[in-house]
Amino acid sequence: MPHRYRPLSLFATFLLSVHFTFAANAPAPAREPPPTRDPHTPGYVEAKELPDGAVPPTDVDGNFIIGPTHKPAPEMSANPDVPKGNIYTFTLNSTDSKFYPGIDRDPGTLGTADPSDPAKMIVTTSHPAPYTRKVAVYVPAQYVPGTTVPFIVGADGPDTGIFTVLANLIAEHKIPVMVGISIAHGGRQNSDPGGGSDAQGSERGLEYDTMSGKYAEFVEAEVLPVVESKYNVKLTKDPNGRATIGSSSGGSCALIMAWYHPELYHRVLTYSGTYVNQQWPSDPATPHGAWEFHEHLIPNSPAKPIRIWFEVGDRDNYNANVMRDNMHDWTVANENMAKVLAAKGYHYQFVFARNAGHTDRPTRSQTEPEALEWLWKDYPKDQPASSSAPAASTASPSITK
């Protein structure tokens with residue numbers, strides 16, 4: 001009789017094993033759309049509501065509400081009367097990196113919340129994996145070779161759209177002559193978290209969500225020297241002439257770079273910054289990841305010489321993973337950032353955008369020129385201009401490999 005039931009028991013065990021294997025590797029479930037948040041919600045910062053279509057003035061700090069419509073600023077389009085610069089691209093291999101040799105999370109998998117601590121994510125499908133990353137560099141026509149120049153570093157590149165904005169604002173003398181550097185994240189470039197290339201266990205998540213100075217150190221050691229040697233530019237060492245920019249986790253990375261290395265960067269611009277609990281692996285020094293910025297780090301630290309412009313949407317991300325740790329509301333996180341920055345006396349400008357989702361492209365097209373001008377408002381604009389720069393040229397910078 002026992003032998004009669006043993007095959008059934010083995011079969012049931014097999015089915016149970018298949019069930020858990022499938023569950024661990026099943027595609028991420030479809031997300032519910034985020035709720036629309038009211039900027040006048042109790043507990044949110046008091047903000048000035050601007051007329052629809054307006055952006056904040058470039059000479060004041062504070063909190064602002066814009067929208068619901070978002071018309072692109074003129075500087076977002078190439079202007080045929082603006083001198084063109086040059087865009088160069090190069091590739092970095094993970095096999096040459098001392099900082100990021102590479103990891104990858106299996107496609108279609110996510111982590112699971114630690115049953116003993118919902119603030120931690122358990123990821124079992126991440127493994128070493130090589131990658132290549134592209135870097136794009138914009139050198140404005142007005143740059144004089146051999147002179148020291150300010151620059152801005154961007155995440156999730158190559159984003160050549162910002163180079164058009166830089167060209168226009170430089171020509172209008174609204175920002176200094178500066179080099180733009182747009183760096184792709186390591187790992188696969190699919191931005192879908194369910195695809196394995198984002199969030200915990202991914203190379204992008206490791207680079208952008210880790211609360212340390214490592215990514216800034218990587219840029220300093222493995223990106224900037226290549227830019228200088230390849231393209232005959234001399235990047236400033238003055239942190240006041242260095243800026244970072246990013247969206248989502250690239251935005252939290254932009255602040256992380258300046259926070260952990262204020263001797264390198266003083267200016268930060270973020271869209272839908274991931275000031276939430278995304279760090280992996282967990283670190284007991286910052287157990288809540290970038291949520292720690294507004295929970296502990298900024299309130300409990302002396303003010304740093306950082307100037308920051310940041311934006312969040314009324315339909316920004318909300319509980320975007322399975323943790324349910326009450327630290328995954330992007331709108332609340334950015335509202336909290338405005339509170340603690342104001343309390344510590346930082347120079348900041350915070351924009352709450354109506355009718356805007358996560359890293360909302362129309363909102364960015366409306367605000368990026370104003371944001372850049374505000375970010376560099378206190379920096380000298382009288383940089384030397386190249387005598388060889390054309391007075392008028394094509395609408396877009398030329399691209400060179």
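**Entry 1: helix 2 against helix 8**

I looked up the pair helix 2 (residues 161-171) and helix 8 (residues 361-375) in this predicted model, and found that their axes come within 11 Å and cross at roughly 55 degrees. I took axes as lines fitted to C-alpha atoms, for helices over the stretch in contact, with angles from 0 to 180 degrees between N-to-C directions. Helices (H or I, at least four residues) and strands (E, at least two) are DSSP runs, numbered from the N terminus. Helix 2 and helix 8 are therefore oblique to each other; angles under 35 degrees count as roughly parallel, over 145 as roughly antiparallel, 65 to 115 as roughly perpendicular and the rest as oblique.

I then listed the residues that meet: Ile162, Val165, Leu166 and Leu169 from helix 2, and Glu368, Pro369 and Leu372 from helix 8. Contact here means heavy atoms within 4.5 Å. By class, the residues of this contact are six nonpolar, no polar and one charged. I counted Ala, Val, Leu, Ile, Met, Phe, Trp, Tyr, Cys and Pro as nonpolar, Asp, Glu, Lys and Arg as charged, and the others, Gly among them, as polar.

**Entry 2: conventions**

Residues are numbered from 1 along each chain as its sequence is written, and side-chain values use heavy atoms, with hydrogens and water left out. As this is a predicted model, local features need pLDDT of at least 70 and side-chain atom pairs count only at pLDDT 80 or more, while totals for chains, interfaces and linings use all residues.

**Entry 3: Arg364**

I found Arg364 in helix 8. Leaving aside neighbours within four places in sequence, Arg364 is in contact with Met76, Asp159, Ile245, Ser247 and Tyr271.

**Entry 4: backbone geometry**

I noted a cis peptide bond joining Gly67 and Pro68, with omega about 15 degrees. Pro68 sits in the loop between strand 2 (62-66) and strand 3 (86-93). Another cis peptide bond joins Trp280 and Pro281, with omega about -5 degrees. I placed Pro281 in the loop between strand 14 (267-271) and helix 6 (292-297).

Ala199 is not a glycine, yet has a positive phi of about 70 degrees. I located Ala199 in the loop between strand 11 and helix 3 (203-209).
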